[in-house]
Amino acid sequence: MNRTGGAGAADRADSDRSADVVAAMRSVDRARFLPPDQVFHAREDRALPLFHGQTGSQPSTVAAMLRLLQVPVGGRVLDVGSGSGWSTALLARLVGPTGEVLGLELDPELCAFGAANLASWDMPWARIEQADPARLGRPVPGGWDRILVSASPRVLPAELVDQLAVGGRMVVPVQTTMTLVVRRADGPPDISRHGQYEFVPLRTGSAGEASRATGWHDQGWPRGRR
């Protein structure tokens with residue numbers, strides 16, 4: 001591979017922390033986050049069934065989302081739809097001990113499964129908790145630096161965008177389109193699209209969230225490129 005521009009160019013080229021994503025996925029074994037009958041398939045690049053119709057995303061999709069997210073060391077990250085806990089553990093590895101990761105899972109059995117899986121790793125700065133069915137995400141003072149959503153809403157959820165810190169990034173598969181949202185200090189966020197993917201639907205008990213999200217969509221904010 002040809003290299004140009006010295007160290008500065010190399011730093012810019014790896015702004016998505018691609019090498020760190022690869023290292024995290026090698027060190028955090030997917031097999032330890034799967035039901036016993038799926039462990040044999042851990043190294044296959046496909047989604048695998050978990051519980052109650054929920055699935056664990058295929059590794060190549062998870063890697064693409066983590067690269068888009070550009071997780072910073074020491075960052076504070078919200079993992080919506082944490083499932084088996086694998087994505088939460090990968091995020092924890094990327095932020096390191098100075099960061100914080102909260103995984104939220106709506107399904108009680110899957111939440112307990114994911115939390116137990118995560119607890120088997122020595123990363124106390126990450127945790128998985130039961131999601132509130134009447135609320136999407138969990139607001140924190142100052143906002144989240146990064147939000148990863150591993151289920152598909154019908155429209156971009158305004159409530160989650162509101163929970164981003166200024167300059168924060170969210171990766172979410174809106175319908176079938178992987179969407180990157182970057183919150184700005186003033187005005188609407190920057191929105192870009194990055195290919196087509198299939199995810200289970202994002203479940204929520206609040207009709208108000210859906211109407212708020214529809215309102216954002218109708219504002220005609222920039223869509224960027226896929």
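**Entry 1: the model.** I am working with a predicted model, and I keep that in mind for everything below.

**Entry 2: aromatic pairs.** How many aromatic pairs does the structure hold? I found 2. I began with phenylalanine 33 and tryptophan 121, whose ring centres are 6.0 Å apart. Their planes meet at 20°, so I noted the pair as stacked. I then looked up where the two partners sit along the chain. Phenylalanine 33 is in the loop between α2 (18-27) and β1 (48-49), while tryptophan 121 is in the loop between α5 (108-119) and β5 (126-130). They are 88 residues apart, and the pair links distant parts of the chain. Are these two residues buried or exposed? Both phenylalanine 33 and tryptophan 121 are buried.

My next stop was phenylalanine 51 with phenylalanine 113, an edge-to-face pair. I wrote down 5.1 Å from centre to centre and 90° between the planes. Phenylalanine 113 has 17% relative accessibility, so I count phenylalanine 113 as buried.

**Entry 3: charges over rings.** I returned to tryptophan 121 and looked for a charge. The charged end of arginine 32 sits over the ring of tryptophan 121, 4.1 Å from the ring centre. I also found arginine 76 over the face of tryptophan 144, at 5.8 Å from the ring centre.

**Entry 4: α2 and α4.** For two packed helices, I need the angle between their axes and the distance between the axes. The axes of α2 and helix α4 (residues 86-95) come within 9 Å and cross at roughly 125°. That makes α2 oblique to α4. I noted the crossing as right-handed. Which residues meet here? From α2 I listed Asp20, Val21, Ala24, Met25 and Ser27, and they meet Trp86, Leu90, Arg93 and Leu94 in α4.

**Entry 5: serine 84.** Where is serine 84? I found serine 84 in the loop between β3 (76-80) and α4. With a relative accessible area of 9%, serine 84 is buried. Leaving out residues up to four places away in sequence, I see serine 84 touching Phe33, Leu50, Leu110, Phe113, Gly114 and Asn117.

Technical notes: Residues numbered from 1 in each chain as written. Predicted model: local features only at pLDDT ≥ 70, side-chain atom pairs only at ≥ 80, totals over all residues. Heavy atoms only, no water. Phe/Tyr/Trp six-rings, centres within 6.5 Å; stacked < 30°, edge-to-face > 60°. Helix = DSSP H or I, 4+ residues; strand = E, 2+ residues; numbered from the N terminus. Buried < 20%, exposed > 50% of the residue type's maximum accessible area, 1.4 Å probe, protein only. Lys NZ or Arg CZ within 6 Å of the ring centre and 35° of its normal. Axes fitted to C-alpha atoms, helices over the stretch in contact; angles between N-to-C directions. Parallel < 35°, antiparallel > 145°, perpendicular 65-115°, else oblique. Left-handed = near helix turned anticlockwise from the far one by under 90°. Contact = heavy atoms within 4.5 Å.
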